[in-house]
Amino acid sequence: MINQLQCFVESADAGSFSAAGRRLALTSAAVGKNVTSLENQLGVRLFQRSTRKLTLTEAGAFFLEEVRGGLTSIQMAMDNLGASAQQPSGPLKVSVGTHFGMHYLLPLLDEFLSCYPHIRPDWEFDNRKVDLIGERFDAAIGGGFELAQGVVARELAPSHSILAASPAYLAMTSPFVEPEDLTHGRGIRIRSPQTGRIRNLVLRDSQDRQSAITLPVHITVNEPWACCQAAVMGLGIAVASLPNLLPYLESGQLVRVLPSWYADNGSLSLYFPTHKMLPAKTRVFVDFVIEKFREQQLSRKFDARLMFSVT
């Protein structure tokens, strides 16, 4: 019965028996046979079949909502029961921003695999906000994700954006003392991967004064790495998240502009599907990342309010 239910749910999600079969490593015929057997046992048709696609019947749609959560819980209970006698294992699908992932997550991979050698990382480095449930991700790290039903977030650090430029660029411009001084600067801004637009940010300081960013846009890019590199080249003032700029600030390639001002973007969080029993592979990944953030004091390093002295 479990195999039949799994074939039904996967077919409903994928829209065809063949696509469900690819997910389950079964033939299209085997998936269709399992679904037909389930329909016979239930005495109701779950799909309207055509040569192009499957469409849920009204009864099928109702049944899908009733069984999906229970089937997931059963599968996880079985996975965790098997994992109790051995180390966590299986593919671990994680989404993380490209620049952030390369600087902060990828360096942890060797240690993580030393602890959990049977886990197979399947990591997507991309700046888009993924659909954790629909795209079957085990976890994602980022900010601003919509907390859809079935997804929880563990806050890792504050999410702040700041301004930074190269010493060479700052040496050839008049000083930036207050936000209104930005009008004579050249901005390097990042386009949103979702909207294609530059996000409107509001700067604030330690006294909670607020100011819009009046920096004229000189260069627009869609990738934080490119924004940072353009600033290192002396092409203008980068406006980017503190985690992305931090390596360049620490190396001295960039210095902070208006060091007491920052934009508050909410939180940098670790997102994962919520279940009564998380798969062991996801649970150990969540615990590992949280512990590494604590060990490396990244929450403190990513807090722009604690970096006023960085110039």
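I call a residue buried when its relative accessible area is under 20%, exposed when over 50%, and partly exposed in between, using a 1.4 Å probe on protein chains only. Helices (H or I, at least four residues) and strands (E, at least two) are DSSP runs, numbered from the N terminus.

**Ground rules.** I am working with a predicted model, where local features need pLDDT of at least 70, side-chain atom pairs count only at pLDDT 80 or more, and totals for chains, interfaces and linings use all residues. Residues are numbered from 1 along each chain as its sequence is written, and side-chain values use heavy atoms, with hydrogens and water left out.

**Entry 1, strand β3.** I started with β3, residues 90-96. Five of its seven residues are buried, so the strand is largely enclosed by the rest of the structure.

Next I looked up its partners, counting two strands as paired if DSSP finds at least two bridges between them. β3 runs parallel to β4 (residues 119-125), and seven bridges join them. With β5 (residues 139-142), β3 also pairs in the parallel sense, over three bridges. Which residues does V94 meet in these two neighbours? I found W123 opposite V94 in β4, and A139 as the bridge partner of V94 in β5.

My grid had 1 Å spacing over the protein atoms alone; a pocket is an open set of points with protein on both sides within 12 Å along at least five of seven lines, and lining residues have an atom within 4 Å of a point. Grid points are joined across faces, edges and corners, and a volume is the space filled by probe spheres set on the points.

I noted a volume of about 990 Å³ for the second largest pocket. Its lining has 39 residues, and N127, K129, G143, R199 and S241 lie nearest the centre. β3 turns up again here: it is among the elements that each supply at least two lining residues, including β5, α5 (98-105) and α9 (242-251). β6 gives the largest share, four residues.

By class, I have 13 nonpolar (Ala, Val, Leu, Ile, Met, Phe, Trp, Tyr, Cys and Pro), seven charged (Asp, Glu, Lys and Arg) and 19 polar residues (the others, Gly among them).

D208 is not a glycine, yet its phi is positive, about 65 degrees. I located D208 in the loop between β8 (202-205) and β9 (210-212). L258, also a residue other than glycine, has a positive phi near 50 degrees. L258 is in the loop between β12 (255-257) and β13.

Is each one buried or partly exposed? D208 counts as partly exposed at 48% relative accessibility, while L258 counts as buried at 2%.

Notes
On a 1 Å grid over the protein atoms alone, a cavity is a set of points where a 1.4 Å probe fits but cannot get out, and a pocket is an open set with protein on both sides within 12 Å along at least five of seven lines; lining residues have an atom within 4 Å of a point.
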